[in-house]
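Look through the sequence and the structure first.

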Amino acid sequence: MGRISLEEVERRLPSVRCAICKTNSFGIDRRTLQSDGECRGVCLKCRYNFPVYTDMDFYLQTQPDIPYRLKEISCPKCLHRGVSLDFRITMSVREAYYFVTCTACQTQFPERSTLEAFE
């Protein structure tokens, strides 16, 4: 599983809404890119920023519950269970999203994470 390009991340981010202003126009601040694939996403309207994580190989190795969770996620298009994890974001302390691809029909969609929200 290779690391997803920042252009692809930017293309897919508008499928969620900003935690502050609720718009869906985002960019990636390339000045924040780190060697481990972490960078900052930025809302283009209110300038709110949030972490974007693209190194999913390391994440899957260090979080043993995630592979089991990915097998249970249903595709909204074909209803198949099972997805691959492309990247993830932590929009706020209450909102984290996995950006996934259905293993059956290749539909890409965000899935709200219940495992990373801190309430």
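Which residue in strand 3 is the bridge partner of valine 42? The bridge partner is asparagine 49.

## Basis of the model

The model is predicted, and local features need pLDDT of at least 70, side-chain atom pairs count only at pLDDT 80 or more, while totals for chains, interfaces and linings use all residues. Residues are numbered from 1 along each chain as its sequence is written, and side-chain values use heavy atoms, with hydrogens and water left out.

## Strands

Strands are DSSP runs of E with at least two residues, numbered from the N terminus. Two strands pair if DSSP finds at least two bridges between them. Strand 2 (residues 39-43) pairs with strand 3 (residues 49-53) in the antiparallel sense, over four bridges. The hairpin of these strands has five residues between them, and there arginine 47 takes a positive phi near 70°.

Strand 3 also runs antiparallel to strand 4, joined by two bridges. Here tyrosine 53 stands opposite arginine 88.

## Charge over rings

A charge sits over a ring if NZ of Lys or CZ of Arg is within 6 Å of the ring centre and within 35 degrees of the ring normal. Arginine 88 lies over the face of tyrosine 53, at 4.0 Å from the ring centre. The charged end of arginine 88 also sits over the ring of tyrosine 59, 3.8 Å from its centre.

## Aromatic pairs

Rings of Phe, Tyr and Trp (its six-membered ring) pair if their centres lie within 6.5 Å; planes under 30 degrees apart count as stacked, over 60 as edge-to-face and the rest as tilted. The count is four aromatic pairs. Phenylalanine 87 and phenylalanine 99 are stacked, because their ring centres are 4.3 Å apart and their planes are at 5°. Ring pairs also link Phe26, Tyr48 and Phe50 into a cluster.
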